[in-house]
Amino acid sequence: MARTRMERSSKRLFFIGDTRAKSRAASVYDWDTETQGWILGSFFYGYIFTQVPGGYLAGRFGSKWLLGFGILVTVVFTLLTPVVADLGASYLIGIRILEGIGEGVTFPAMYNMWAVWAPPTERSRLASIAYIGAQIGTVLSLPLSGEICFYFDWTYVFYIFGAVGLLWFVLWAGLVFESPNTHRWISEREKLYIVGALENELAPPSHRDIPWRAMLTSRPLLAIMVAHFSYNWTFYTLLTLLPTYMNDILGFSIQENGWLSALPYLGSAVTAFLSAQLSDYLQEKCFYSTVVVRKALTIVGMTGPAVFLVAAGNTGCNYILAIAFLTISSSLGGVSSSGFNINHLDIAPSYAGILLGITNTFATIPGMVGPVIARSLTTNNTIEEWQTVFYISAAINLIGATTYTLFGQGTVQPWAIQMPHRGE
């Protein structure tokens, strides 16, 4: 404990105070822990409102430009963040809400795009490769942010990552196509393979035919929703507060913090990739049913993290064990990327974007309230307070795993089969 108390400051400053070691040019804000919690959670107040509209608009107008412009909006506000932060916490909260509105359409649009690009036996691999992009982004951004803050100042984090976002948009606009049928360079053989593999389960719905009532009362969808909420509670809690835990409890500097905070997400990316290969192998070569594979991977990907979160909370000041257990916890969480996380594509591929929008709306609530609750529970930054945070996350994970195991399914639902209109 001595190491922790000596190395941490008595009062943590937002846009971390350690930056003063190398740079005094950028502003440092003396915001209390409650304000920090609201700033960290404010992104999700915008993010939650564009989930279902994002899925609907992607299904009706296409995914490519919706996803592209959604990211572009976030990039623009990211570049403006240092300027807005100087105006005050309320302005920063506002711009983060706007960032969330832009980014809220991205995952529904992505799922809608995979619905027309991913054959069933390759679904886990393709969707998970896209999913681990978020993990790899976290792996790179956490340590790089620490180094940028140390050698320059925190404002450059937003400028550099914003510039990278602009470059991404240019590449996306020029290299990505809406579907196999519109791709300029795809071979005829590959196009026929993809279209043929999906012809029996994919029928693009018209906007007037969306079975909203059947969707919202579907047990398989509700099971995904609960699992998604539970997983995101742990994910967002760690994403927003792990650097705080590393600094205040384990006593790591901003440079050490960035690299060590990235370890859990590196592990998650690796296991997500490996579990995707395993999932498709079990279905394609071993002939296990989709529902068995999805449930098995969800159980591992949600109960495993719960066990190791509890273990991490009981390591005291043993920072080696704490980091090891948190890394294992997040790594096992990556397994669920081939479980409930892509089950939307199994039960209703024609409406995958909308389904993801529905479940992600519910699953965004942890991002809104999780950091605020966690910070309110850790006002004194004691080990006992952080144990409570970990125990709550573990319990919610177990509830999600149980619900999905009982009610999850792996086949296209009757309401998701698009019937032809009379006269067609």
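## Two residues with positive phi

Phe287 sits in the loop between helix H12 (254–284) and helix H13 (290–312), where helices are DSSP runs of H or I with at least four residues, numbered from the N terminus. Phe287 is not a glycine, yet its phi is positive, at about 60°. With a relative accessible area of 69%, Phe287 is exposed; the cut-offs are over 50% for exposed, under 20% for buried and partly exposed in between, using a 1.4 Å probe and protein chains only. Most residues other than glycine have a negative phi.

Asn381 is another residue other than glycine with a positive phi, near 55°. Asn381 belongs to the loop between H16 and H17. It counts as buried because its relative accessibility is 15%.

## About the model

This is a predicted model, in which local features need pLDDT of at least 70 and side-chain atom pairs count only at pLDDT 80 or more, while totals for chains, interfaces and linings use all residues. Residues are numbered from 1 along each chain as its sequence is written, and side-chain values use heavy atoms, with hydrogens and water left out.

## Helices H7 and H8

Two packed helices are described by the angle between their axes and the distance between the axes. Helix H7 (residues 123–151) packs with helix H8 (residues 155–175) at an angle of about 130°, and their axes are 8 Å apart. Here the axes are lines fitted to C-alpha atoms over the stretch in contact, and angles run from 0 to 180 degrees between N-to-C directions. H7 is therefore oblique to H8; angles under 35 degrees count as roughly parallel, over 145 as roughly antiparallel, 65 to 115 as roughly perpendicular and the rest as oblique. The crossing of H7 and H8 is right-handed, a term used if the near helix is turned clockwise from the far one by less than a right angle.

Where do H7 and H8 meet? Ser141, Leu144, Ser145, Ile148 and Cys149 in H7 are in contact with Tyr156, Val157, Ile160 and Phe161 in H8, contact being heavy atoms within 4.5 Å. Ala, Val, Leu, Ile, Met, Phe, Trp, Tyr, Cys and Pro count as nonpolar, Asp, Glu, Lys and Arg as charged, and the others, Gly among them, as polar.

## Helices H3 and H6

Helix H3 (residues 51–61) and helix H6 (residues 106–117) have axes 7 Å apart and pack at an angle of about 35°. Their crossing is right-handed. From H3, Gln51, Gly54, Gly55, Ala58 and Gly59 meet Pro108, Ala109 and Asn112 in H6. This contact divides into 3 nonpolar, 5 polar and no charged residues.

## Aromatic pairs

Rings of Phe, Tyr and Trp (its six-membered ring) pair if their centres lie within 6.5 Å; planes under 30 degrees apart count as stacked, over 60 as edge-to-face and the rest as tilted. By this rule there are 24 aromatic pairs. Phe152 and Tyr156 make a tilted one, 5.5 Å centre to centre with 40° between the planes. Phe152 is partly exposed at 46% relative accessibility, and Tyr156 is partly exposed at 37%.

Tyr351 and Trp415 also form a tilted pair, with 6.5 Å centre to centre and 45° between the planes. This pair links distant parts of the chain, 64 residues apart: Tyr351 is in the loop between helix H15 (343–347) and helix H16 (352–377), and Trp415 is in the segment after helix H17 (383–407). Tyr351 counts as buried at 2% relative accessibility, and Trp415 counts as buried at 16%.
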